[in-house]
Structures are given as structure tokens and as C-alpha cells.
Amino acid sequence: MAIITFAQVKGGSGKTTTAMCTVAELVARGETVAALDLDPNRPLGEFFHRVPELREVEVAVPSSERRVSALVRELAQRNDNVVIDLMGAATNDTQVAMALADLIVVPSQMSGTDLKCGVETWRQAEEAADISKRNIARGVLIVRTSAGAVRPRVEAFLREQYTRVGAYVMAIPFGDRAVWKEMTYSAHIPHLHDRGSNASANFIAVFDEMMALMRSAAPEASAA
Amino acid sequence: MSARPTRPQLEAPDLSPPTRRPGDVPMKTAPNDPRFEAAEQLETHAALLQGVKDGRVRVVNPDTAPPRPESASPVEAPRRRGPETSLSTKVPEYVMQQLRRRYAETGVTIRNQILFALRKDGLEIVDDDIQDERKRGGR
């Protein structure tokens, strides 16, 4: 079971792309997955509808009668996994979606604004873990960094800054490649349609790290 | 001329069907899992107001905003500590646009947004004075 929340109070940080990719990877691994789209632009449903393998993925959107916790409760009864994509702002949904999660991923690009908002999101995640009285796995995912082997100086700087405030930064960054930008136009998802590609290998490594992070925070692992 | 850095060898990923280890068997999250109760605490009107006050909530999602609790009897308007005086000033248009947008999103009036900001900056402003005149029933 996994409820995975993608949170970052800054917009345009890569939440939706990472959420789309996560849903696709779960489908590629034969898992059942539903999504909750809290972005008012509703990008998930439209995108999944265009990808034959993802057309059946249930995408829920909130309403005044069906709010976040009620929706997630319903989705989690029908699916092994629920992926929540938040709006890119500090909203009334942010901590609700975090408090429900088994894993919170905070995507962060490398600008100062991303860092500042990423730290704020991280602190909200810590509060959400306290409120829900659970050890919620969480990590900052550096996105849109150089896809090559050479790491830009600013990436190391960013890792230092997050570490300085006690945030855990995932080891594998999500590299910047044209294929991710083209994905919503082409409906071609590397790890679903071309698993041998470099882009696919990168996201699979990110996904594996997310799963490992979640396993390490699971009650059995914490007790061990 | 410096040599171009060599790129790492490409290795074929493991394409064998995924196998699940015993501990990895997915189990659905039970509807009575305590996390749902914890999350519901955050979906109340009081939690929203606290979030706005603490600065944790800066935008209210109209789709999920908790409804105001209906009070059985009219709520007594808080007493202001002192009389009010008018203040007129000019601000850059883009600031005004942001204030208006935030009002549309959160329902916090421009007057109160300014008072909240001033209080955050250290000015003494008591809660009872941060009230919208329009909600005082024409007093």
C-alpha cells in the first residue's frame, strides 16, 4: 500500500510531471493506482486519457461534498496505491494530503525560490507527521538538473542548504530532458514505452529510491 | 583543447517481470486507518483559520474549503479596542492586483490582509480589531 503525496508550495517545481511518471511506473509494475488531482488545472486526468495504458487510472477531483481525506479513503479501498498531486501553493489541502501519506516527495528545482519554498514544504511535512503521529517517509527530489554525469555546482549547494535545515535529499536527481517536456504532447512515457532509454533508467532509479525511502520508514523497518 | 569527458557506459536495465518480496505485498490502506482521522482534523473551518493565521495557508482551494460552521445564535461581534479612522494611500497596481486576487481566493479582506501583515511585522494589533465591518451587521 502506498499513498504518495507530491508537495511543494511553489508552483512549476515538477510535482505534476513526477506524479504522472510515478503513476506510469506503478502501472508498468502491474500495481493498481488511482490519483487525486488537487491542481485546479486538472492536468492528470487529461494526460492519462491520452495514454492508452493509463486510460483506466481513476482520477478523483475534490468537491464541496467530497473533500480530500474522504476521497483518499475511498480511493485507497479500491487501489493499492494513491498518488496525490497538490496545487503549487500553500493551501488548505497541503497538510491534509501530507498527513495521509506514506511518502511525501518535495520536488525542488535549483532556484533560491524553490529552495525557500521547499524548506517551507519540508517543515509543513514535519508538522503533518507530528499531527498524524506516524513516521512519514519524506525526501526532497532535485528535479530538472543536468541529465549528464557532470553535476552542476548549484546542485551540490542546494543539497547542502536542504541538509542544513535537516531535510533529507534523495540521492538520485530527476534529470532535465526534452522527453519529459514533450510527454504531455506526445503521450510517450519513457519508462512505459521505451524502458531501455536513458530517461527511463533515470526515472526508474528515482522511483526505486522513493520505494526504498518508504520501506525504511515503514513501522516494521522503524522497529527493527 | 581539453578532451570531452567520457560518458558512462549504458547498461541494459533489468526487464524481467517484477517479483515481489514477501514484505512488499501491497495491502490497501484500511478505511479505519488512524491517518484519516488525523487528516480530518485539518479539514475544519477552525483549522483553516489557524492555518491562515500561522501563515501555513496562503491560498484557499475553493473546491475543498471547509464550510463555515452555522451558529445557532447570532455571534456577538467582538468589541473593538478603539474607534477606527480612515487611511487612504496609493500602492503599485501589481500590489493591489495581488491583494484583490488573495481576497478572491481566501475571502480575507484587503484591510485585514494589511493588518495581518503589519501585525506580523511587530505592530500591536489585537484580534478583535481585525474584523470586517461588513460582518458586524451594520453596527
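**Reading a predicted two-chain model**

Modeller: Strand 1 of chain A and strand 4 of chain A are paired in the parallel sense, over five bridges. One facing pair there is I4(A) opposite V83(A) of strand 4. Keep in mind that this is a predicted model.

Colleague: How many strands does the open sheet have, and in what order?

Modeller: A sheet is read by strand order and by the sense of pairing. Here the open sheet has seven strands in the order 3-2-4-1-5-6-7 of chain A, with parallel pairing. Strand 3 (58-60) and strand 7 (174-175) of chain A are the edge strands, each pairing on one side only.

Colleague: Over how many bridges does strand 7 of chain A pair with strand 6?

Modeller: Strand 6 (residues 137-145) and strand 7 of chain A are joined in the parallel sense over two bridges. V143(A) is the residue opposite F174(A) in strand 7.

Colleague: Is strand 4 of chain A mostly covered or mostly open?

Modeller: Burial is read residue by residue, then face by face. Strand 4 of chain A has five of its five residues buried. On one side these are N81(A), V83(A) and D85(A), and on the other V82(A) and I84(A), so both faces are covered.

Colleague: Which strands of chain A does helix 1 of chain A lie across?

Modeller: Helix 1 (residues 15-28) of chain A lies across strand 1 (2-6), strand 2 (33-37), strand 4 (81-85), strand 5 (103-108), strand 6 and strand 7 of chain A, and runs at about 165 degrees to strand 4. Helix 9 (residues 198-217) of chain A lies across strands 1, 5, 6 and 7 of chain A, at about 165 degrees to strand 6.

Colleague: Now chain B. How many helices and strands does chain B have?

Modeller: Chain B has four helices and zero strands. Of its 139 residues, 12% are buried.

Colleague: How many residues of chain B are in contact with chain A?

Modeller: The general idea is that interface size is often given as the accessible area lost when the parts come together. A residue count is what we have here: 32 residues of chain B are in contact with 37 residues of chain A. On the chain B side, helix 1 and helix 2 (45-54) are the elements that give two or more residues. Helix 1 of chain B supplies the largest share, six residues. By class, the chain B side has 19 nonpolar, five polar and eight charged residues.

Colleague: How do the axes of helix 3 of chain A and helix 1 of chain B cross?

Modeller: A helix pair is read by distance, angle and handedness. The axes of helix 3 (residues 68-78) of chain A and helix 1 of chain B come within 9 Å and cross at roughly 160 degrees. Angles over 145 count as roughly antiparallel, and these two helices are therefore roughly antiparallel. The crossing is right-handed.

Colleague: Why does A38(B) count as buried?

Modeller: The cut-off is 20 or more other C-beta atoms within 10 Å. A38(B) has 21, so it is buried. A38(B) lies in helix 1 (residues 34-41) of chain B. Apart from neighbours within four places in sequence, A38(B) is in contact with A99(A), I131(A), S132(A) and K133(A).

Technical notes: Residues numbered from 1 in each chain as written. Chains lettered and ligands numbered in written order. Predicted model: local features only at pLDDT ≥ 70, side-chain atom pairs only at ≥ 80, totals over all residues. Contact = placed C-beta atoms within 7 Å. Nonpolar A, V, L, I, M, F, W, Y, C, P; charged D, E, K, R; others polar. Axes fitted to C-alpha atoms, helices over the stretch in contact; angles between N-to-C directions. Parallel < 35°, antiparallel > 145°, perpendicular 65-115°, else oblique. Left-handed = near helix turned anticlockwise from the far one by under 90°. Pairing = 2+ DSSP bridges.
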